[in-house]
Amino acid sequence: MKKIKIAIADDHPMVINGLKDMLATQANILIEATYLNGADLLKGLALSEPDVLLLDIRMPGESGIELVPYILKQYPRVRILILTNFDNTLYVHTLLNAGVQGYLLKNTDQNTLVEAIQHIH
């Protein structure tokens, strides 16, 4: 079984560690990289493209909203799943129209997260 390579971009180490813990038990998911800001994310993508990027909207420097069009243009095979605390329909519509494949709130449960990753992959 081919593993789904995941990258996580979030400015909160606790969130990154929580996501790693949630996904650690999934045999078909591999956390390949984590990034605390947009600049590091862009450097990392230039070296290795994940299958799925879990992207926070608000980070230091470029926001997830600003990064999405660039990432999708430069790395069209990368599937983007937004993970955020912002339960805002404007953000949802803006990001889905920009080309992200999914939008989840950070309070989502493990099963929903795994299903979303598998679905968009």
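Contact means that heavy atoms lie within 4.5 Å. This model is predicted: local features need pLDDT of at least 70, side-chain atom pairs count only at pLDDT 80 or more, and totals for chains, interfaces and linings use all residues. Residues are numbered from 1 along each chain as its sequence is written, and side-chain values use heavy atoms, with hydrogens and water left out.

**Exercise 1. Determine which residues Tyr103 contacts beyond its neighbours within four places in sequence.**

Solution. Step 1: Tyr103 is located in strand E5; helices (H or I, at least four residues) and strands (E, at least two) are DSSP runs, numbered from the N terminus. Step 2: apart from those neighbours, Tyr103 is in contact with Ile57, Leu81, Ile82, Thr84, Phe86, Asn88, Tyr91, Val92 and Leu95. Step 3: for one of these residues, Ile82, the C-alpha atom is separated from that of Tyr103 by 4.6 Å, although the two are 21 residues apart along the chain. Step 4: Tyr103 has 16% relative accessibility and therefore counts as buried. Here buried means under 20% relative accessible area, exposed over 50%, and partly exposed in between (1.4 Å probe, protein chains only).

**Exercise 2. State whether Gly102 is buried or exposed, and which residues it touches.**

Solution. Step 1: Gly102 also has its place in strand E5. Step 2: its relative accessibility is 10%, so Gly102 counts as buried. Step 3: when residues up to four places away in sequence are not counted, Gly102 touches Ile80, Leu81, Ile82 and Leu96. Step 4: between the C-alpha atoms of Gly102 and Val92, ten residues apart along the chain, the separation is 8.8 Å.

**Exercise 3. Describe the order of the strands in the sheet.**

Solution. Step 1: the chain has five helices and five strands, and from the N terminus on its elements run β-α-β-α-β-α-β-α-β-α. Step 2: an open sheet of five strands has the order E2-E1-E3-E4-E5, with parallel pairing; two strands pair if DSSP finds at least two bridges between them. Step 3: at the edges stand strand E2 (29-35) and strand E5 (102-105), each of which pairs on one side only. Step 4: from one strand to the next, the twist averages 25°. Axes are lines fitted to C-alpha atoms, for helices over the stretch in contact, and angles run from 0 to 180 degrees between N-to-C directions.

**Exercise 4. Explain where the buried residues of helix H1 lie around its axis.**

Solution. Step 1: helix H1 spans residues 13-23, and Ile16, Leu19 and Leu23 are buried in it. Step 2: seen down the axis of H1, these residues fall within an arc of 65°, so they line one face of the helix; the arc is that of the directions from the helix axis to the C-beta atoms. Step 3: the face turned away from the buried side of H1 carries the exposed residues Met14 and Asp21. Step 4: the cover over the buried residues of H1 includes E1, E2, E3, E4 and H5.

**Exercise 5. Identify the buried residues of H5 and the elements against which they pack.**

Solution. Step 1: helix H5 (residues 110-120) lies across E1, E2, E3, strand E4 (79-84) and E5, and runs at about 155° to E4. Step 2: the buried residues of H5 are Leu113, Val114, Ala116, Ile117 and Ile120. Step 3: their arc around the axis is only 160°, which puts them on the same side of H5. Step 4: the face of H5 turned away from that buried side carries the exposed residues Asn111, Glu115 and His119. Step 5: the buried residues of H5 pack against E1, H1, E2, E3, E4 and E5.
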